[in-house]
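Biologist: Walk me through this one, a feature at a time. I'd like the general idea, then the case at hand.

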Amino acid sequence: MRGPQDYGGLPAGPVDPVKHEHVPTHWEKTVDALMMLIFDQRRQLARVDESRRMQEALGEDYHKFPYYERWLQAVSWLMLEKSVFTQEELDAKQAEVRARLEAERDG
Amino acid sequence: MSNHHDHDHGPTHTHDGKPIQEDELPSIEAQILETSVRELLIEKGVVSGEDIRRAIEAMDTRGESLGAKIVVRAWTDPEYKDRLLNSSDDAIREFGINMSPMELCVVENTDEVHNMVVCTLCSCYPRPILGIPPAWYKRRDYRARAVREPRAVLQEFGTELPDGKQVRVHDSNADLRYLVLPERPAGTEDWTADQLEALVTRDSMIGVSDVRRPGEADA
């Protein structure tokens with residue numbers, strides 16, 4: 001079965017090397033850094049193929065997520081799977097961060 | 001929607017030829033998740049803020065100029081070129097680059113063969129050398145078509161190959177990454193390493209274009 005990530009040979013539009021050039025933003029680099037750090041020799045918390053498995057598990061959402069949001073989702077799920085933090089801890093943290101970011105935005 | 005998005009999308013390049021960056025923040029949900037994951041990892045002692053800062057710094061040192069040094073060494077030192085093609089991981093260690101746990105395979109462009117690199121399944125790329133892959137490399141258009149109609153894709157990059165030239169497309173994966181050793185242009189026999197390095201572009205090491213022609217380089 002062809003997974004959502006398996007684009008090889010499918011019909012697709014022209015490549016636009018001018019429009020689709022993009023200097024990574026600081027936010028994207030931060031997500032990139034988190035992934036590279038959990039992969040690194042010192043931590044070895046995950047491997048590239050595990051990150052791929054998580055991204056492919058997005059199913060049809062794979063196409064909707066921007067690239068680094070897929071990565072972020074993969075990091076989050078991997079850390080849950082490996083019990084680095086729990087779903088309860090993540091939920092509590094997200095509620096706290098949401099309140100903080102919304103206060104920053106409105107303040 | 002914020003005001004600066006209301007205008008029509010105008011020119012995609014500034015006067016000095018650099019693409020205009022769309023430096024948008026991600027969705028609020030993505031910002032919340034990223035901040036939460038990062039703070040939890042710091043609280044758990046898995047990473048520190050300093051680790052993240054250093055990882056970003058290291059990322060910024062990779063790119064075209066590092067790859068160009070390797071290519072020029074291979075152009076100017078036949079013994080090194082032989083090692084680069086036959087035991088790529090060892091050869092790049094001399095430049096302080098460690099591919100582990102991945103493997104590197106360097107493929108050589110010649111009169112007869114043009115090599116081109118893709119990752120149809122994701123965005124696998126020789127990151128320890130070239131850094132973060134370009135946006136087009138990660139997009140469906142390139143991933144889907146590079147393996148079906150590489151010559152058409154090359155034309156979209158402005159690369160026209162002679163009819164008789166064979167195209168080899170290399171599909172990267174999690175464990176094996178490719179780097180193209182482009183052809184050294186004729187007429188550069190007495191050039192210095194610095195001059196030669198200025199010819200080597202990121203895209204020439206992905207194999208979607210040739211190196212700059214002598215006379216095109218800034219240096």
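This is a predicted model: local features need pLDDT of at least 70, side-chain atom pairs count only at pLDDT 80 or more; totals for chains, interfaces and linings use all residues.

**Reading the features**

Biologist: Where does Ser83(A) lie?

Modeller: Look in the loop between helix H3 (67–81) and H4 of chain A. Helices (H or I, at least four residues) and strands (E, at least two) are DSSP runs, numbered from the N terminus. Check the backbone there too: Ser83(A) is not a glycine, yet its phi is positive, about 55°. Gln44(A) is another non-glycine with positive phi, near 45°, and its place is the loop between H1 and helix H2 (48–56) of chain A. Gln44(A) counts as exposed because 10 C-beta neighbours sit inside 10 Å.

Biologist: How do I read chain A as a whole, and how many helices and strands are there?

Modeller: Four helices and zero strands, in the order α-α-α-α from the N terminus on. Next, extent: chain A has a radius of gyration of 17 Å, whereas a compact globule of 107 residues would be near 13 Å. That radius is taken over C-alpha atoms, and the globule rule is 2.2 Å times the number of residues to the power 0.38. Along the principal axes, the C-alpha atoms of chain A fill a box of roughly 45 × 35 × 30 Å. Of its 107 residues, buried ones make up 26%.

Biologist: And which elements does chain B have?

Modeller: Chain B has 11 helices and four strands, and buried residues make up 35% of its 219 residues. One buried case is Ala198(B), so classed because it has 20 C-beta neighbours inside 10 Å. Ala198(B) sits in the loop between helix H10 (193–197) and helix H11 (202–206) of chain B. Pro101(B) is in the loop between helix H5 (88–93) and strand S1 (103–108) of chain B.

Biologist: How many residues of chain B are in contact with chain A?

Modeller: 51 residues of chain B, against 48 residues of chain A; contact here means C-beta atoms, placed from the backbone, within 7 Å. On the chain B side, H1(B) gives the most, with 13 residues. That side divides into 28 nonpolar, seven polar and 16 charged residues. The classes: Ala, Val, Leu, Ile, Met, Phe, Trp, Tyr, Cys and Pro are nonpolar, Asp, Glu, Lys and Arg are charged, and the others, Gly among them, are polar.

Biologist: At what angle do helix H4 of chain A and helix H1 of chain B pack?

Modeller: Two packed helices are described by the angle between their axes and the distance between the axes. For H4 (residues 87–106) of chain A and H1 (residues 28–43) of chain B, that is about 125° and 9 Å. Axes are lines fitted to C-alpha atoms, for helices over the stretch in contact, and angles run from 0 to 180 degrees between N-to-C directions. H4(A) and H1(B) are therefore oblique to each other: under 35 degrees is roughly parallel, over 145 roughly antiparallel, 65 to 115 roughly perpendicular, and the rest oblique. The residues that meet include Leu90(A) and Val97(A) from H4(A), and Ile32(B) and Leu40(B) from H1(B). By class, this contact has seven nonpolar, four polar and four charged residues.

Biologist: What about H1(A) and H2(B): what is the angle there?

Modeller: About 105°, with axes 9 Å apart. That makes H1(A) roughly perpendicular to H2(B). Met36(A) and Leu37(A) are among the H1(A) residues here, with Ile52(B) and Met59(B) among those of H2(B). The contact divides into seven nonpolar, one polar and three charged residues.

Note on methods. Residues are numbered from 1 along each chain as its sequence is written. Chains are lettered from A and ligands numbered from 1 in the order in which they are written. Two residues are in contact if their C-beta atoms, placed from the backbone, lie within 7 Å. A residue is buried if 20 or more other C-beta atoms lie within 10 Å of its own, exposed if 12 or fewer, and partly exposed in between; C-beta atoms are placed from the backbone.
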